[in-house]
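Dear colleague,

I am handing over the structure below, and I would be glad if you could look through it before reading my notes.

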Amino acid sequence: MNSDAVLLLETVHFAAEKHRNQRRKDAEQTPYINHPVGVARILSHEGGITDIEVLQAALLHDTVEDTDTTPAELEAKFGPIVARIVQEVTDDKSLPKQERKRQQVEHAPHCSRQAKLVKLADKLYNLRDLNRCTPVGWTAERVQEYFVWACEVVKGLRGTSSALEEKLDELFRQRGVQL
Ligand SMILES: [Mn+2]
């Protein structure tokens, strides 16, 4: 019964319920769940990742940060490894935004390989989304600053997936961001 397929469905269902009422910041207000599903798919489809715990963590990666989900809830339902990966990619929301962004740059190199994979795919998804359309209320300068910051985070994640890193590098190059 606990085949990988069943496990993945259980996980995507959990994430969809948790993100049920959330929307992305684009003008179309895309359902939030498109993002974690897309991040997991980048890992499988473009990164060639078949590690079930990484794919589950990708589906769940924003549940603790952006919903009422607790790390203990994830551990009870999906086990300690998945819960730990999600914890590694979760920002401390008690800190101001700029400090959270600084900590992402600082912490990136010290993450596990599994967490680094989720972070690479998350950044790739978000940067592609920014190229697709500008979030409501964002200026072109803010978009560019996001690319510069993302590049700093990615520097600390290198040596993890050449496929994903090459795709990120191409996006940074297009923006003229110093690698
Ligand atoms: Mn995310």
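What follows is a short account of the fold, the core and the cysteines.

This is a predicted model, in which local features need pLDDT of at least 70 and side-chain atom pairs count only at pLDDT 80 or more, whereas totals for chains, interfaces and linings use all residues. Residues are numbered from 1 along each chain as its sequence is written, and side-chain values use heavy atoms, with hydrogens and water left out.

The protein has 10 helices and zero strands, where helices (H or I, at least four residues) and strands (E, at least two) are DSSP runs numbered from the N terminus. Of its 179 residues, 48% count as buried, meaning under 20% relative accessible area, with exposed over 50% and partly exposed in between (1.4 Å probe, protein chains only).

The largest nonpolar core has 48 residues, and among those with the most contacts inside it are Leu127, Phe147 and Phe172; such a core is a set of buried Ala, Val, Leu, Ile, Met, Phe, Trp, Tyr and Cys residues joined through side-chain atoms within 4.5 Å. The largest share of this core, nine residues, comes from α8. Not counting residues up to four places away in sequence, Leu127 touches Tyr146, Phe147, Ala150, Leu168, Leu171 and Phe172, a contact being heavy atoms within 4.5 Å.

A search of the whole structure finds zero disulfides, that is, pairs of cysteine sulfur atoms within 2.5 Å. Cys151 counts as buried, at 1% relative accessibility, and its sulfur is 17 Å from the closest cysteine sulfur, in Cys111, which is too far for a bond. Cys133, at 22% relative accessibility, counts as partly exposed.

With best wishes
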